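Dear colleague,

I am handing over the structure below, together with some notes on what was found in it. Please keep it open beside you while you read.

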Amino acid sequence: MKLSLYQKLAVSLVVIFCFICALVYSWSKQLELTSKHHAEQNLHLALAEHLVQDNPLIKEGVYDYKALENLFHTLMLLGPAFEFYFVDETGKILTYSAKPGKVKRTHINLAPLKKLIQDPKAAPIYGDNPRNKEQQKIFSAAPVFNNDKLQGYLYVIIGGEAYDTSLSTIKNNDKLWLAALWLGSALIFLLIAMLILLRFFTNPIQRLARDVSNIEAANYSLTDTKLSHFSTQKSNEVHSLGRSIQAMLTRINEQFKALEQGDKQRKELLTHLSHDLRTPLASLQGFLEVLNQSGDQLSQKEQQEYLHVSLNNCGQLKLLIEQIFELSHLENGEININKETFNLGELIYDCIAKFSLAVDKKGISLSVEPAICDFPVIADIAKLERVLSNLIDNAIRHTPRGGSIAVHVKRSDDNQLFVHVSDTGVGIKEDELNAIFDPHYQASNSNKEGRQQGGLGLAICRGLLKLMDSEINVQSEIGKGTMFSFNLPQKKVLP
């Protein structure tokens, strides 16, 4: 049988409670008995001595044991709580007043008697009970002399057998039982109250355990699972633990959703990439088959045209595959950054030079502001060249004939350089601005210009800039153009 935390604590509490009650009861009864014996022995300490001094039969040391027995019998009738014994100097019991067979001992130990006579303040002191070989009782004792010669001891048991029998009868009285019943009821009520309090304190832990079990059964999904409420107004450890675990479960659920979304995006990306790869491959295969089967029937011009298209398809495939590998390395953190100091203006003009033929052919102006762009920066020159090339290439493809593209460099007060690549192209819809950096996403107004694009360029730009502790942003307006911007740390020039 599997016990819950509350059941284990409740059982432990009941066992400990019963043990403590028994211990306290035993200790209190022992203390009560010791105090009672102390008081009674002190009260009757001189009883034996007074009997010796006041009774001529004992005082003179002439012992008529029969007469002494009758005297003891008379004294017991007057004081039934006492038992009287006369013992010699060795501890042998010489006479007593009791029915035959009641006295079980023939000798008693005299050490307690001597100790009480010498030091009355040592009470309570217990001596042998003649009527029980295993029991000891409080007593009063006095030596008996005859002409200065010790004859024996008068040994008086305080609270004898008759007293014990009467006391036992009184303890069986209904009133005492009623008092004991009330005491027991109070203790049971206290135990129940403690169990209720324990239940109150452990209930949040049980609710928390139930929530965790439900989440586990639901495969860690919070969609169809309702968590218990743990008030933020309570600062105890259980509620703090509950809030922390719920926050952790919520975070785990968000991560699961993010993983599912990432897996979904990867599947979509693979689907799109398969399509992008299949299109140029199919075109390449088609043209090569025509050249292979009908090469002799085609003119030289047609053959050159088919070869040119095939080479373009091969180049597009090569570019797409390179982008896929580059994005994969970025996502896996396999690309290292080699930062160095270089002149940003020189890099920008080098990038512009690569696109001079393309912009001239399309009739687009491409400028740098300021024209003298002498800014030393610390970055990875190859990665930054890749970013600038992608942004300028995108601007050329989306800017119509007669438009303009500008690369602006601005310096801020906190030693940062901001690079802006702006165009007067078609622009991007506002609801698509946050999605254009996702792998393979292409805006609805994308202009492919007859080239197959994989939609990975901006995703690669964002990944490369992130490695260089920079962030790319975009602003756009339909029909007016788009501006991409990112920041770079500027190298401090020593005076």
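The notes below begin with how to read the model and then go through a few places in it.

This is a predicted model, in which local features need pLDDT of at least 70 and side-chain atom pairs count only at pLDDT 80 or more, while totals for chains, interfaces and linings use all residues. Residues are numbered from 1 along each chain as its sequence is written, and side-chain values use heavy atoms, leaving out hydrogens and water.

Asp128 sits in strand E3 (residues 126-129), where strands are DSSP runs of at least two E residues and helices are runs of at least four H or I residues, numbered from the N terminus. With a relative accessibility of 11%, Asp128 counts as buried (buried is under 20% relative accessible area, exposed over 50%, and partly exposed in between, using a 1.4 Å probe and protein chains only). A polar atom of the Asp128 side chain lies 2.9 Å from the backbone nitrogen of Asn109.

Asp469, by contrast, is exposed, at 62% relative accessibility. Asp469 lies in the loop between helix H13 (457-467) and strand E11 (473-477), and has a positive phi of about 60° although it is not a glycine.

Another backbone feature is the cis peptide bond from Glu369 to Pro370, whose omega is near -5°; Pro370 belongs to the loop between strand E7 (365-369) and strand E8 (376-379).

Finally, Ile20, in helix H1 (residues 5-43), is partly exposed, with a relative accessible area of 43%.

Best wishes

Technical notes: Polar contact = N/O pair within 3.5 Å; in protein donor to acceptor, adjacent residues only side chain to side chain.
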